[in-house]
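Here is a short note on the ligand site and on one helix, for reading alongside the model.

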Amino acid sequence: MALNKFMHPRNKYKSRKPDFKELAAKYDYFQDASSTSETGKVTIDFKDPIAARALTRALLEHDFGVKVSLPLDRLIPTVPQRLNYILWLEDIIGQETPARGIDIGSGSSCIYPLLGCRQNGWSFLASEVDDENILFARKNIEQNAMGDKIKVVKVTEDTLLLGLLEGSTETFDFSMCNPPFYSDHLEAQGITTARSDDRSDASSISTASEVESIAWGGEVRFVSQMIEESLQLKNRIRVYTSLLGKKNSVQAVKDFLQKKKVPKFATTEFCQGKTMRWGIAWTFDTTVVFPKSAFKEQKNAKPPLVCSVQRGAAGLQEYTVQTYIWFLRKLVEDLKINYYTKHCGKFYTCLILQAKSNTWSHQRRKRREREKKMNSSEPLDTPDCKTIENARAAEPQVKDLKEKCSESFEASVDNESEHSKEDEQSATKSTGDNEKMLHEDEIMDEVNVVKEKPDLGLDSEEATKGKKRKSTDYETDLDNKSKKLKENDEALSSDGVNKDKQCEPVVNLLKGPQMLSRHQIVQQFKKEQAENSASNAVKKTLSFYEKSEPFSENEECLLLCKFVLKKDEGEMSLALTHLAGNRETMHQIMQFFKNKLSVPST
Ligand code: SAH
């Protein structure tokens, strides 16, 4: 099942499917609801409410020692999915911590309180509006001897938390809820929403009654009311949570939490089979730590772009990080990309790059412009238009490398410490005769892949041969990216702009909504942190970005990325990790570096 790999790691159904044969042998009601083939294979019809009920009963009894009675005309819960929610709560509250919680809408099964009580010894105050559900829920509590731990009270439909707690001063560790999803009958029947939004799996039956599946305004209104009420209750409930049945609801509820300035909230995914549900948690107690969503982490974990640096790349003779970082830093500077050094060492150097505009594409065009200007003896103005003399004049910077390295090494707060010892020693090592290793034409000459062969998936050399590059270094299909670049080109010409004369409009194209201010980036990082979806790279960068303020507040930025040059087991590689801004530009920059790092043919 596609989503099972994202099930909660402690969910016992993640790697072990229920053994129907065993269940049929053990429980008569399951035997009666299932069919056995000639080969002895036991199957059930998930669309048959009797079979669905038998499965839920059998799993609760077999795997949790919990006995339940369920009416056929009410919601029949699926055990693995309900377990995901309990396990997520365990992650927030702590396993087997004697906690007290609220369950809004226990249903007839009273499944959350029964599981929470059996697994962790939690006690519950549960509410329910439907008489039949209350009857069954109480029966289920009774037959599992949990009467002293779980209480179900009848409430009216407009009652959520405030009404339930009226007249008491009791405090709770958490609240949970599986709210009615739909706003009306049309939605419940899938007429106004996609079928996948249905409470049950497409392949299974929904026996939910009207009051169980329909709430005025749907689940967003239901949970929003809970949020409103939590603003009054604040720390009387330490962690407020709810399940959400529809993806659209997640953003709407998050927006509402933000609007109401709730200090901390997190979302998670509950995955089972082909069904996905979401969990939302919020708190006014900032000591609460929300667990990371395994699903989001795996989904967001975009690997860095990596390019191996061959011996002799760019014609440099010394195969050391110092030599190449000097070369690459110069390229970065020539491209007018802001950077600051997080770590500088013998085997590992880490920079944070902040690109303000696209200065790396259409280099050929820019060179032509340069040449024109040189011919007309106009002054040169673009950063990559340095003459050899200019480049030589810039060379003393290289001598500063030693100081730069030591400075930034000390300034580094990064914990990439495995490199530190050797790096500390090497930070004082002179870069020696690096100057003479830089080929003059490496400064001047651009490898014109973009214009001549706008396929960024081609290496410079191969591009001229029209041969497809091996794509192992890249996370996505670069062909699409090159197409976009081409489209940019076309957009320019259709605007009637003379391409040969213009290079700046490319920059303008990439400006506008894609540009982020430092403030926006910090806000974005903070949001990711608040939602607990920030990667480690982002967390580290945020502290840097906020504190050391290496880039001006008002400056707009196209891309923020981490740049790592390292030598591992004798081999050097360059990696770019996206932090914020336009991801595509990172591919372009990497391609630019790759072109520069090609090994010249002798
Ligand atoms: N917790 C169960 C049932 C979820 S269905 C499960 O996960 O299987 C939603 C339940 O909420 C229904 O039983 C419905 O009757 C109940 N309900 C609807 N509005 C309610 C309200 N305002 N207060 C308490 N329960 C409510």
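1. In what follows, buried means under 20% relative accessible area, exposed over 50%, and partly exposed in between (1.4 Å probe, protein chains only). Helices (H or I, at least four residues) and strands (E, at least two) are DSSP runs, numbered from the N terminus.

2. The model is predicted, so that local features need pLDDT of at least 70 and side-chain atom pairs count only at pLDDT 80 or more, whereas totals for chains, interfaces and linings use all residues. Residues are numbered from 1 along each chain as its sequence is written, and side-chain values use heavy atoms, with hydrogens and water left out.

3. The ligand is surrounded by 23 residues, the closest being Arg 82, Gly 105, Glu 128, Glu 157 and Asn 178, where a residue is near if one of its heavy atoms lies within 4 Å.

4. A polar side-chain atom of Glu 128 lies 2.4 Å from an oxygen atom of the ligand, and an N or O atom in the side chain of Asn 178 is 2.8 Å from a ligand oxygen atom. From Thr 159, a backbone N or O atom lies 3.0 Å from a nitrogen atom of the ligand.

5. Buried residues of H10 include Phe 222, Val 223, Met 226, Ile 227 and Leu 233. H10 is followed by Lys 234, whose phi is positive, near 40°.

Methods: Polar contact = N/O pair within 3.5 Å; in protein donor to acceptor, adjacent residues only side chain to side chain.
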